[in-house]
Amino acid sequence: MRKAFAFVSLLSLSFFGVAHNHQHDGHDHHQHHTAQDSASLQVNKAKIRAFLPAAKSTAGYMTLHNSTAKPITIVSAKIEGLGRVEIHEHIHSNGMMKMQPVKALTVPAKGHVEFKPGGYHLMGFDPKVKLKVGETRKLTLYFSGGEKVESTIKVVSLKDEFSNESHHHHH
């Protein structure tokens, strides 16, 4: 029991340390493997669509990789310059697709969750500053244990996103 508690405590502290900006002190992190190296959540291919004219919301996508030995639960997100960001999912209900907010989303241990059209996605609302295609904004994900991970999210146009999607789905 004591060993399990110590291991969970070490993982929690390691994740907390990695999650806060991953500051470097000049040494190479790849030369040694510690619990801290394996306790992280990576954000890949994060993108958000620029708002269409007169649109009240826009969608964002990414892939989250959890390399830790325990599930990580995301409870909220923020994107620099947007008043509100929600995690949503598409569900089938009575033969129709509908969107609904998600209060918490768990990324499984040693697993990943993909945010994509027709599945989980971020919904951005209330732009304080216009999203310009090609720019990057700060993305912050908040977790149930109080931790957070900061990353960047690239602003894309709907047209570019569809041309990239169709480009990747040739068989």
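Is Phe115 buried or exposed? In this predicted model, Phe115 is buried, its relative accessible area being 3%. The description below begins with the chain as a whole and then returns to this residue.

The protein chain contains 3 helices and 10 strands. In sequence order, these elements follow the pattern α-α-β-β-β-β-β-β-β-β-β-β-α. Of the contacts in the protein chain that link residues at least 6 apart in sequence, 66% connect residues at least 24 apart. The protein chain comprises 171 residues, of which 35% are buried.

A pair of aromatic rings is characterised by two quantities, namely the distance of the centres and the angle of the planes. With ring centres required to lie within 6.5 Å, the count in this model is 1 aromatic pair. The pair is formed by Phe115 and Tyr120, whose ring centres are 6.3 Å apart and whose planes meet at 45 degrees, so the arrangement is tilted. Planes under 30 degrees apart would count as stacked and those over 60 as edge-to-face. The two partners may also be described by their accessibility: Phe115 is buried at 3% relative accessible area, whereas Tyr120 is partly exposed at 27%. The value for Phe115 falls in the buried class because that class covers residues under 20% relative accessible area.

A further aromatic ring, that of Phe125, has a charged group as its neighbour. The charged end of Arg84 is placed over this ring, at 4.0 Å from the ring centre.

Notes: Residues numbered from 1 in each chain as written. Predicted model: local features only at pLDDT ≥ 70, side-chain atom pairs only at ≥ 80, totals over all residues. Heavy atoms only, no water. Phe/Tyr/Trp six-rings, centres within 6.5 Å; stacked < 30°, edge-to-face > 60°. Buried < 20%, exposed > 50% of the residue type's maximum accessible area, 1.4 Å probe, protein only. Lys NZ or Arg CZ within 6 Å of the ring centre and 35° of its normal. Helix = DSSP H or I, 4+ residues; strand = E, 2+ residues; numbered from the N terminus. Contact = heavy atoms within 4.5 Å.
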